[in-house]
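Here are my notes on the model, in numbered points. Please read them with the structure open.

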Amino acid sequence: MTLRGFERLGAAGAERRLRPLRSSAQRQRASVLAAAFGFATFGLLAAWRGRPASWAATPGLAAVGGGGDAPEEATDPCEELRSEIMQKVWPGISRWEQVALRGRTIFGFGAKASRLVNRTLGSFDAQVEKRGLTESGGACAAERASVEKLLKQQLHSIFLVQRSTIEQTLYQRLKKDLLRKMQRKKRELNVKEKLRLLHSCMHDYDSQVRELLPSFVENTERDRAEKRLSKLQWGVHELPEAKEMQQRWKMERMRKMGTMRQSKGLSVSLSPGMRLMFRPPGFGNFQVYSRRQVGPPHNPNEVAMGLLNDGNVVDVYNKNPQPPLIKFQPTVGVDVSTG
């Protein structure tokens, strides 16, 4: 009987085969034999199921005859060359991108970007010829076009970032120049003055962008920059700084007009005042004097108070042997002006 038959038989099958034994001794012997037979069966099954993998399958003729692992799919040599070329140029492009994102411009970026594209494509063509790929897939034309397109896209993006930096710098400069000129002239600028400042900024824009423009980029975004700067110079009077200056100029004009109205014709201003002198006994060796202005600023009154201890000195002017203790003297100030 095979092992599969033992598995189906089990302990119950062994018991049924030994059932004809009727005597007690035979039944006891049969029980012992059934248990032993069952344990032996399960032991063989466990040993067979836990066998090593090398026992499970014996290599067939196909395996012995040389069949092994399936060969890996071959990599496209043109695609491999494209990856190598891009890995060489990508670190330099990444550095340029970081510089541009920090708000700085790269000196001579236009010429450098053009040389990078031409040098990379030349290196690609040389490697195609060196590796003998001129006959495969049209000399890797698709991969070459992919390299060229990707390089130009990245370099164009870096150019646009630098162009935006230049535009923002000129925007702030034009704003400061307009406000400074308004503050110096103390009035709003006329059209000619605004256009002169705008043309100066656009001239600087053209000269700076020309150095950054690669040969494969045609649009310098000049129209966009000119539109933004022109909007600034036409609406400079709407800026908060310009409105503050206009309000200050308005207050100064009102103040000057009020002063001019007051100064027209002949005007006389009377400013009453008072002088009070205390003259206690003494020989004039101690003196205190104070004077203050009271009243409105445009027509002040003067109050003066003094203390002089000359009570024991003869008043020669008034022919009095002893001057009075308190002397009061009213005053009037006259201010005459003509406009």
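Which residues have the most contacts inside the largest nonpolar core?

1. **Core.** They are F109, L155 and L174, in a core of 48 residues. A nonpolar core here is a set of buried Ala, Val, Leu, Ile, Met, Phe, Trp, Tyr and Cys residues joined through side-chain atoms within 4.5 Å. Buried means under 20% relative accessible area, exposed over 50%, partly exposed in between (1.4 Å probe, protein chains only). The elements giving two or more residues to this core are α5, α6 (109-130), α7, α8 (191-212), α9 (222-234) and α10 (240-263). Helix α7 gives the most, with 13 residues. Helices (H or I, at least four residues) and strands (E, at least two) are DSSP runs, numbered from the N terminus.

2. **Basis.** This is a predicted model: local features need pLDDT of at least 70, side-chain atom pairs count only at pLDDT 80 or more, and totals for chains, interfaces and linings use all residues. Residues are numbered from 1 along each chain as its sequence is written, and side-chain values use heavy atoms, with hydrogens and water left out.

3. **L155.** Contact means heavy atoms within 4.5 Å. Not counting residues up to four places away in sequence, L155 touches I93, W96, F109, A113, L116, V117 and F216.

4. **Aromatic pair.** The whole structure has 1 aromatic pair. W96 and F109 form it edge-to-face, at 5.4 Å centre to centre and 75° between the planes. (Rings of Phe, Tyr and Trp, its six-membered ring, pair if their centres lie within 6.5 Å; planes under 30 degrees apart count as stacked, over 60 as edge-to-face and the rest as tilted.) W96 is in helix α5 and F109 in helix α6, 13 residues apart. Both W96 and F109 are buried.

5. **Disulfide.** There is 1 disulfide (a pair of cysteine sulfur atoms within 2.5 Å) in the structure. C78 and C140 form it, with sulfur atoms 1.8 Å apart. C78 lies in helix α5 (residues 77-101) and C140 in helix α7 (residues 137-185), so the pair ties together parts 62 residues apart in sequence. The S-S torsion is about -60°, so this disulfide is left-handed. C78 counts as buried at 5% relative accessibility, and C140 is buried at 0%.

6. **T165.** This residue is in helix α7. T165 is buried, with a relative accessible area of 18%. Leaving aside neighbours within four places in sequence, T165 is in contact with A100 and G103.

7. **Charge over ring.** The charged end of R228 sits over the ring of Y171, 4.2 Å from its centre. The test is NZ of Lys or CZ of Arg within 6 Å of the ring centre and within 35 degrees of the ring normal.
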